[in-house]
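I opened this entry to record what I looked up in one chain. My notes follow in the order I made them.

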Amino acid sequence: MTERFSRICGVGSYLPKRIMTNEEMSALVDTSDEWIQARTGIKQRHIAADDELTSDIGVAAAQLAMERAGVSADDIDLIVVATTTPDRTFPACASAVQAKLGVDQGAAFDIQAVCSGFVFALSTVDKFLKSGEFSTALVIGAETFSRLLDWNDRSTCVLFGDGGGAAVVKAEEAASYDSSMSGIIGHHIRTDGGKSELLYVDGGPSSTQTIGHVRMDGPRVFKHAVTNISSAIEAVFEDAGVGAEDIDWFVPHQANQRILDGVAKKLGIDGSKVVSTVSQHGNTSAASIPLALDTAIQDGRIKTGQLVLIEAMGGGFTWGASLFRM
């Protein structure tokens, strides 16, 4: 009798070529590099080209992840794309990714949990793989979030950027799986729809028949973010029987450097274990975790066998955390 589990076996990312600095931003709205960095930690963000679609970004990240995992289109039987900015209202962005990658089997669908999307998608894929329904999956976070921004609203437009990240997740079998082995250990995801008016887009096909723009009550979001994220992490720790001292790397959603610092401090996670890319990428919503994860893998910080914690909170409110060993 064997036990089925899932393992991340390749990660890739992609960033659009265009970089928008804080200095360039200050020419658009009443702000400055000093103001933005002091409040967010952001120095620059990447902006998609006019003809660059979310599916293009997802495909570029997925191709790199597949190459590093040593898998081909023939191996992939599940694609889950976490995005708030799909190419079209329908079909799903995942359908476009599937076609562009040349995958002609299995299932492909989107998950919409805004900034928490990658955590929600990873949790979903993990369960599908463990059930035996699928064997090799792509989990993608991809966004062209700049297209939701009101470029006259300095409280939001300075925060976000575009990009994508992807992970190949494979089903494995062992006589007995335990957390000392490479694999996904656990998740905790939550939603509180009662707080949706604190962070939302003021448009949609059913309500206004428009795309709309991001609206946010920043101070109240910050307050809930630290509390909610910390509670999700504590739940994952309890289920896994580990503590902050056991974590090798903490890869949080890259929303705001102050939130990253606040969560780490609240949980007692050593600051040297926190992977931060927010200064270079800004908030790329569902793409931020895989982008940061790939950055830390490629620069040699995250190594095989190390214990990695990820977390996020987004509009909805949605929030969650996942724990895995590389």
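Predicted model: local features only at pLDDT ≥ 70, side-chain atom pairs only at ≥ 80, totals over all residues.

Is Arg325 buried or exposed, by its relative accessibility? I found 16% relative accessibility for Arg325. The cut-off for buried is under 20%, so Arg325 counts as buried.

**Arg325, surroundings**

I placed Arg325 in strand E13, which covers residues 318-325. Leaving out residues up to four places away in sequence, I listed what Arg325 touches: Ser179, Ser180, Met181, Ser182, Gly183, Ile185, Asp248, Gly305, Gln306 and Leu307. For Gly305 I also looked up a distance: its backbone oxygen lies 2.8 Å from a polar atom of the Arg325 side chain. I then checked Gln280, which is 45 residues from Arg325 along the chain. The C-alpha atoms of these two residues are 26 Å apart.

**Whole chain**

I counted secondary structure next and got 10 helices and 13 strands. Along the principal axes, the C-alpha atoms fill a box of roughly 65 × 45 × 40 Å.

I also looked up burial for the whole chain: 54% of the 326 residues count as buried. Among contacts with a separation of 6 or more, 75% are between residues 24 or more positions apart. For charges I noted 27 positive and 41 negative, with mean positions 4 Å apart.

Which residues does a cis peptide bond join? I found Phe90 and Pro91, with omega at about 0°. Pro91 sits in the loop between strand E4 (78-82) and helix H4 (93-101).

I then looked up positive phi values in residues other than glycine. Val114 has phi near 55° and is not a glycine. I found Val114 in the loop between strand E5 (107-111) and helix H5 (117-131). Its relative accessibility is 16%, so Val114 counts as buried.

Ser285 is another such entry, with a positive phi of about 55°. I placed Ser285 in the loop that runs between helix H9 (278-281) and helix H10 (288-298). How much relative accessibility does Ser285 have? I read 0%, so Ser285 counts as buried.

Technical notes
Residues numbered from 1 in each chain as written. Heavy atoms only, no water. Helix = DSSP H or I, 4+ residues; strand = E, 2+ residues; numbered from the N terminus. Buried < 20%, exposed > 50% of the residue type's maximum accessible area, 1.4 Å probe, protein only. Contact = heavy atoms within 4.5 Å. Lys, Arg positive; Asp, Glu negative; His and termini not counted. Charge placed at Lys NZ, Arg CZ, Asp CG, Glu CD. Polar contact = N/O pair within 3.5 Å; in protein donor to acceptor, adjacent residues only side chain to side chain.
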